[in-house]
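The sequence and structure are shown first.

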Amino acid sequence: MGLFKKLKKAFKKAVDVVVGAVTGIISGIGKIFQPFGFSPDIPDYGFDEQGGTQADAIQGVLLNKDSAIAHVPVVYGTRMVGGIRVFVSTNGSTNQYLYVALVLAEGQVNAATQLLIDDNTVTISSLDHGVERTCTTGRHKDRLKAQFFDGRDDQTVSSLLQEAPNWTSNHRLRGLAYIALRFEWKKIETQTDAENNPFGGGVPNVRVKLEGKKVYDATTLTADSTTAHDTAYADEPTTFTDNPVSCLLDYLRNPRFGKNLPTTAFAFDTWKTAADLCNQNVNFGTGTEKAFTCDAVLDTAQTLMNNTKIQLAGFRGIMPFTQGKYRLLIEHGGDDSDITATPASPSTVFTVDNDTIVGGMTLVGEDKENKVNRCVVTYVDPDADFQPNQVIFPAAGSSDDTAFLAADNGIRLEKSITLPTVTSRVQALQYAEVFLKRSRASKQVSFQTTIATSNVTVGDLVQVVNEHLSLSQIFRISEIVVTEQGQIAINAFEHQSGTYAVNAKTADITRPTISLPDPALITAPTNLTCTSGSAQNLTGTDTTGYFNTPSLSTVRRIKVAWTASTDPFVTEYRIQFKLSSASDFTEAGTTNLTEFFLAPVTLAAPYDVRVAARNELDNQSSFATVSNHTVSA
């Protein structure tokens, strides 16, 4: 009886934490709408019918937030992120400089490889840890300084932020990857000023492309966790990798933001096998890529279970808990050495027959609720600024699409899935194809067995033989429950190796090149001319003199005229002038016309005159200039 209690407890725990493939017939809740590695009960952050919440989250990580209590995300692989502004300050007396500390991610990341300010890439030599860098060319030249910190636990204070009031040597943000920025404001006098000004009064929007957290490489694991892998988590060698198994292993073992599981909690041989499969290079027809990668921004406000499920879904992972250890499997054709293999007779762990079945077997065939003929997968598209994008299998009007629709009497059966850890278009397409085909191989069996099957686990392939049903087929276990009578109830779904074949993927569409106007670049006015003389002067009678004796009065003027800027967003023109011998220009005024009078000016004196255009955002063009215009009589 004690053995049954232990088994019951172990299997119950497995069912609680395991992310199976299709949940079963006994519970009746999963059906095909449970994607690989996922259960359907993911609150707040789940796979809803339109993929809405996670698609929004993909966009949300690109935003800048002002908060003292926001959860800092964990970044694995390569992603573009915004951040949390934890410090914003000017330099006090002159407000010439704006200082910003933007927290990007938890833990020590590998590198920052790109910096964007208000969607414009900043030209900067590098973003080495702790080194102040100045933008020396292009936009923001000599107006922007950056100092990146990769999140080391022993990192020192930012020398850049120490220039600002109230940032002291104690403000080290240890364990957090962040970037310190100093923006310099300068009054716009020239086109160069307009182009280089990094901000116009508000806090600029900042994004950073990160190579995420450095983790232990799971492909170096061995089966022996007590001697070959007994190094403490904090002392292990780490590297940058986008291997999803390595990333998941780090998340489950991390003591700060993860589960802090001990080394002894893992069946490392299965994790290494899965890691090697993910790293396998696969020819998708449009090029060769790894079978699975992980480029994730995990929301630490979510539960550990939700974030684990999100990671597992990205590589069709199944993580059962058996005999006190977490195993890791990938749903594939049946060959643990080749992710692309489709063996006709894959290895099975057990044969279920009349000798092991108690009380009969239930076989359920296909129904409309269990299958789809179109799958839409939302993924993160690095070619679209890491915004969400979608792929569809099969393509509308293709031979597959026509055949699937015809088989379903012309009824469209569609499923949408969001994969926030996938940044590869072909991986997303492969996922959609496998998901759809698996839904159409939809036989499911349920049966109760004796203690003989106690060593099988969720994700295992078993051979099911039943003469009464004329059945001899391979099934993948999706659910195991120990009944009150001490028997083992198993649900399983049909396994067809061909479902997991890697077929050539269609090439991506040719994306149009969109050239939007840059509000900082304004076309200057042209054909600037200056004229003076009697026709431009103002004359009148002055009666304010001695005894109110009338006298002739003349105000000499220069008429300035120009051809309007071709920029459609120009709202006004700025006019300045000075004596040619003077150093500084005098502001004469603004107008929305194409002429302006300068007065009073001195007869026979030489003047320099210049005009610039301004747009609705108060950005200014370069000046059109006339030099040494001599005022005529």
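Asn 409 is exposed, with a relative accessible area of 71%; here buried means under 20% relative accessible area, exposed over 50%, and partly exposed in between, with a 1.4 Å probe and protein chains only. Its phi is near 55°, a positive value in a residue other than glycine. Asn 409 lies in the loop between α7 and β23 (414-418); helices (H or I, at least four residues) and strands (E, at least two) are DSSP runs, numbered from the N terminus.

The model is predicted: local features need pLDDT of at least 70 and side-chain atom pairs count only at pLDDT 80 or more, while totals for chains, interfaces and linings use all residues. Residues are numbered from 1 along each chain as its sequence is written, and side-chain values use heavy atoms, with hydrogens and water left out.

## Backbone geometry

Most residues other than glycine have a negative phi, and most peptide bonds are trans. Asp 118 also has a positive phi, of about 50°, although it is not a glycine. It is placed in the loop between β6 (109-117) and β7 (120-121) and is partly exposed, with a relative accessible area of 38%.

| Cis peptide bond | Omega | Loop holding the proline |
|---|---|---|
| Phe 393 to Pro 394 | near -5° | between β22 (387-393) and α7 (399-407) |
| Ala 599 to Pro 600 | near -10° | between β34 (595-598) and β35 (606-615) |

## Strand pairing

Strands of a sheet pair through backbone hydrogen bonds, either parallel or antiparallel. In this analysis, two strands pair if DSSP finds at least two bridges between them. Strand β5 (residues 97-106) is mostly covered, since ten of its ten residues are buried. Strand β4 (residues 83-90) pairs with β5 in the antiparallel sense over six bridges, and Ser 89 has Tyr 99 in β5 as its bridge partner. These two strands, β4 and β5, form a hairpin with six residues between them, and Gly 92 in the turn has a positive phi of about 100°. Strand β5 is also joined to strand β10 (residues 176-184) by nine bridges, and these two run antiparallel. Within that pairing, Val 103 stands opposite Tyr 178 in β10.

What is the order of the three strands in the open sheet? The order is β28-β31-β34, and the pairing is antiparallel. β28 (526-532) and β34 stand at the edges with a single partner strand each, so one side of each is left without a neighbour in the sheet. From one strand to the next the twist averages 20°, where axes are lines fitted to C-alpha atoms (for helices over the stretch in contact) and angles run from 0 to 180 degrees between N-to-C directions. Five bridges link β28 to strand β31 (residues 558-563) in the antiparallel sense; Thr 531 has Lys 559 in β31 as its bridge partner.

## Burial of helix α6

Helix α6 (residues 304-313) is largely enclosed by the rest of the structure, because eight of its ten residues are buried. The buried residues include Asn 306, Asn 307, Thr 308 and Lys 309. Also buried in α6 are Ile 310, Gln 311, Leu 312 and Ala 313.

## Cysteines

The structure holds zero disulfides, a disulfide being a pair of cysteine sulfur atoms within 2.5 Å. Cys 247 is in no disulfide, and the nearest cysteine sulfur, that of Cys 294, is 4.3 Å away. Cys 247 is buried, with a relative accessible area of 0%. Cys 135 is likewise buried, with a relative accessible area of 0%.

## Cavities

On a 1 Å grid over the protein atoms alone, a cavity is a set of points where a 1.4 Å probe fits but cannot get out, and lining residues have an atom within 4 Å of a point. Grid points are joined across faces, edges and corners, and a volume is the space filled by probe spheres set on the points. By this rule there are four cavities of 30 Å³ or more.

The largest cavity has a volume of about 110 Å³. Of the 13 residues that line it, the closest to its centre are Phe 284, Ala 291, Phe 292, Arg 316 and Gln 430. Helix α8 (residues 425-440) gives the most to this lining, with three residues. By residue class, the lining of the largest cavity divides into nine nonpolar, three polar and one charged; Ala, Val, Leu, Ile, Met, Phe, Trp, Tyr, Cys and Pro count as nonpolar, Asp, Glu, Lys and Arg as charged, and the others, Gly among them, as polar.

Methods. 1 Å grid on protein atoms, 1.4 Å probe; cavity = no way out; pocket = protein on both sides within 12 Å on 5 of 7 lines; lining within 4 Å.
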